[in-house]
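This briefing goes through one structure by topic. Please keep the sequence and the coordinates open while reading.

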Amino acid sequence: MNEPVVIPIELSPRSLEAFESLFLKIANNTVKEMNDKKNKKEYMNKTEACDYLGISYHTINKMINDGLPIVNDYGVLMLRKKDIDCFIEEKTKWPVKRI
């Protein structure tokens, strides 16, 4: 088995800051891409719908009871992102009154 080669490198503070900035940018872009993929999902289960809306499981069940359409495909309950967005839009009262 080959031993890994370790080469010590000394970086100036400015170079170290540049590398840190680069790695931070790469990490932020990766997280953004993951979130974008998650939000582009057309069908979601209840847990994913809760994450999408930032609500509890109890609240999504109340919304379903209040008329949010669900797809029951072979016993698997799914919600369409489009239906969720339309349901929220219909329930939004305009203009919003400030308290």
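L53 counts as partly exposed because its relative accessibility is 27%; buried means under 20% relative accessible area, exposed over 50% and partly exposed in between, with a 1.4 Å probe and protein chains only. The model is predicted: local features need pLDDT of at least 70, side-chain atom pairs count only at pLDDT 80 or more, and totals for chains, interfaces and linings use all residues. Residues are numbered from 1 along each chain as its sequence is written, and side-chain values use heavy atoms, with hydrogens and water left out.

**L53**

- L53 is found in helix 2; helices (H or I, at least four residues) and strands (E, at least two) are DSSP runs, numbered from the N terminus.
- Residues up to four places away in sequence not counted, L53 touches I60, M63, I84 and I88, where contact means heavy atoms within 4.5 Å.
- From L53 to D85 the C-alpha to C-alpha distance is 9.4 Å, and the two are 32 residues apart in sequence.

**The buried side of helix 2**

- K46, A49 and C50 are the buried residues of helix 2.
- They lie on the same side of helix 2 because they cover an arc of only 105 degrees around the axis; the arc is that of the directions from the helix axis to the C-beta atoms.
- The cover over these buried residues includes strand 1 (43-44), helix 3 (57-65), strand 3 (76-80) and helix 4 (81-91).

**K46**

- K46 belongs to helix 2, which spans residues 46-53.
- A salt bridge is a side-chain nitrogen of Lys or Arg within 4 Å of a carboxyl oxygen of Asp or Glu.
- The side chain of K46 does make a polar contact with the side chain of N61, at 2.7 Å.
- A polar contact is a pair of N or O atoms within 3.5 Å; within protein, one must be able to donate a hydrogen and the other to accept it, and residues adjacent in sequence count only if both atoms are side-chain atoms.
- With neighbours within four places in sequence left aside, K46 is in contact with Y57, I60, N61, I64, L77 and L79.

**The two ends of helix 2**

- At the start of helix 2, the backbone nitrogen of T47 has a side-chain oxygen of N45 within 3.1 Å.
- After helix 2 comes G54, with a positive phi near 70 degrees.

## Salt bridges

- How many salt bridges does the structure hold? There are three.
- D66 and K91 form a salt bridge, with the closest N and O atoms 3.3 Å apart.
- D66 lies in the loop between helix 3 and strand 2 and K91 in helix 4, so this pair ties together parts that are 25 residues apart in sequence.
- D66 is partly exposed, with a relative accessible area of 47%, and K91 is partly exposed at 42% relative accessibility.
- R80 and D83 form a salt bridge, their closest N and O atoms being 2.9 Å apart.
- R80 is partly exposed at 25% relative accessibility, whereas D83 is buried, with a relative accessible area of 15%.
- K81 and D85 form a salt bridge, with 3.2 Å between the closest N and O atoms.
- K81 and D85 are separated by about one helical turn because they are four residues apart in helix 4.
- D85 counts as partly exposed at 31% relative accessibility.

## Aromatic pair

- The structure holds one aromatic pair.
- F19 and F23 form this pair, which is stacked, with 6.2 Å centre to centre and 25 degrees between the planes.
- Rings of Phe, Tyr and Trp (its six-membered ring) pair if their centres lie within 6.5 Å; planes under 30 degrees apart count as stacked, over 60 as edge-to-face and the rest as tilted.
- Both F19 and F23 lie in helix 1 (residues 13-39), four residues apart, about one turn of the helix.
- F19 is partly exposed at 39% relative accessibility, whereas F23 is exposed at 54%.

## Backbone at Y74

- Y74 has a positive phi, near 55 degrees, in a residue other than glycine.
- The loop between strand 2 (71-73) and strand 3 holds Y74.
- Y74 counts as exposed because its relative accessibility is 81%.
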